[in-house]
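Please look over the sequence and the model shown below before reading on.

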Amino acid sequence: MSHTTDLSINLATIRAQCDLRAACEACARHGIAWVAPWRDQLAATGLAEAARILAGNGLKATGLCRGGMFTTAPDALDDNRRAIDEAAAIGATHLVLVVGGLPAGSRDLAAARRRVADGLAALLPYARAAGMPLAIEPLHPMYAPDRACVNTLAQALDLCDALGDGVGVVLDTYHLWWDPELWPQIARAGRDGRILAHHISDFLVPTRDLLNDRGMMGDGVIDFPAFRRAVAAAGFGGPQEVEIFSTEWAQKPGEAVIATCIERFNSVC
Ligand code: ZN
């Protein structure tokens, strides 16, 4: 039986096929209740119009993707404040943060991590005032050089501990499945009220491309029911969000991709 109200479609999954309007209309046709748009999609559509398109299709926004990049963007604080405003304008439940990797030419990972902590601390008062939770997304360590130097759930939760209220984590199966500390750290995240999102995609063997070869659930090595049970036991009742960056799936019609997401969600996750 289909239970699409527990499913969110991250619009990166069908960005090659559908602009924001087409993606929202397709999701609505399939009974999807949640989507996660990207900032460039809001910019291309216009913020007010994007909010109208979501509401007109009965869709709520899980996360807005994305802010962050504290280590490399020279205007990171201003840009992240704009991202918070945009997330609030579409009623998103949180702003996803991909925190940034090493600055060009640097090999100082510890310094990059300090800069992330400082950037989060500087941004947090604005996020709290806007009532917009900041969701730190730990990424698989293969992205430490250029995307995110926060690479484990424990590391993200340590940042949350230091920062206090208004910040939490994204649990993404693709990034976290390999971590031997995963289950106790998911329990810790739940105890501390830090779980803001649960992203799903599979880890393919082999993974042929660092960025654009994520798998549809069931095509790789991740134990989705075990992950879901841990997240549910930790008290998170929000939707699971399919987020697949894939040159392979980008070549299939958007409607077919959504239909497959729903079918796999129901049969695998
Ligand atoms: Zn994710």
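## Overall architecture

How many helices and strands does the protein have? The protein has 10 helices and 9 strands, where helices (H or I, at least four residues) and strands (E, at least two) are DSSP runs numbered from the N terminus. The radius of gyration is 17 Å, close to the 18 Å that the globule rule gives for 269 residues, so the protein is as compact as a globular protein of that length; the radius is taken over C-alpha atoms, and the rule is 2.2 Å times the number of residues to the power 0.38. Taken along the principal axes, the box filled by the C-alpha atoms is roughly 45 × 40 × 35 Å.

This is a predicted model, in which local features need pLDDT of at least 70 and side-chain atom pairs count only at pLDDT 80 or more, while totals for chains, interfaces and linings use all residues. Residues are numbered from 1 along each chain as its sequence is written, and side-chain values use heavy atoms, with hydrogens and water left out.

## Burial and contacts

Of the 269 residues in the protein, 52% are buried, where buried means under 20% relative accessible area, exposed means over 50%, and partly exposed lies in between (1.4 Å probe, protein chains only). The accessible surface of the protein comes to about 10800 Å², and 54% of that area belongs to carbon and sulfur atoms; accessible areas come from the Shrake-Rupley method with a 1.4 Å probe, and for residues only the protein chains shown count as cover.

Among the contacts in the protein with a separation of 6 or more, 79% are between residues 24 or more positions apart, a contact being heavy atoms within 4.5 Å.

## Salt bridges

Side chains of opposite charge can pair when their charged atoms come close. A search of the whole structure finds 18 salt bridges, each defined as a side-chain nitrogen of Lys or Arg within 4 Å of a carboxyl oxygen of Asp or Glu. In one of them, Arg 29 pairs with Glu 255, with the closest N and O atoms 2.3 Å apart. Because Arg 29 lies in helix α1 (residues 20–29) and Glu 255 in helix α10 (residues 254–268), this pair ties together parts that are 226 residues apart in sequence. Arg 29 is exposed, at a relative accessible area of 57%, whereas Glu 255 is partly exposed at 31%.

Arg 188 and Asp 158 also meet in a salt bridge, at 2.7 Å from N to O. Arg 188 belongs to helix α8 (residues 182–191) and Asp 158 to helix α6 (residues 153–163), so the pair ties together parts that are 30 residues apart in sequence. Here Arg 188 is buried, with a relative accessible area of 14%, and Asp 158 is partly exposed, with 46%. Glu 248 is partly exposed at 36% relative accessibility, while Arg 208 is exposed at 59%. Salt bridges that share partners also join Arg 39, Asp 75, Asp 79, Arg 82 and Glu 86 into one network.

Not counting residues up to four places away in sequence, Leu 211 touches Tyr 143, Arg 147 and Phe 245.

Val 221 is found in the loop between β8 (195–200) and α9 (224–233) and is partly exposed, with a relative accessible area of 41%. Together with Trp 177, Trp 178 and Val 205, Val 221 makes a nonpolar surface patch of about 370 Å². Patches are made of residues with over 30% relative accessible area and no salt bridge, with like charges joined within 9 Å and nonpolar side chains (Val, Leu, Ile, Met, Phe, Trp, Tyr) within 5 Å.

## Cysteines

The structure holds 0 disulfides, a disulfide being a pair of cysteine sulfur atoms within 2.5 Å. The sulfur of Cys 18 is 8.0 Å from the closest cysteine sulfur, in Cys 27, which is too far for a bond, and Cys 18 is buried at 12% relative accessibility. Cys 149 is likewise in no disulfide, the nearest cysteine sulfur being that of Cys 160, 14 Å away; Cys 149 is buried, at 0% relative accessibility.
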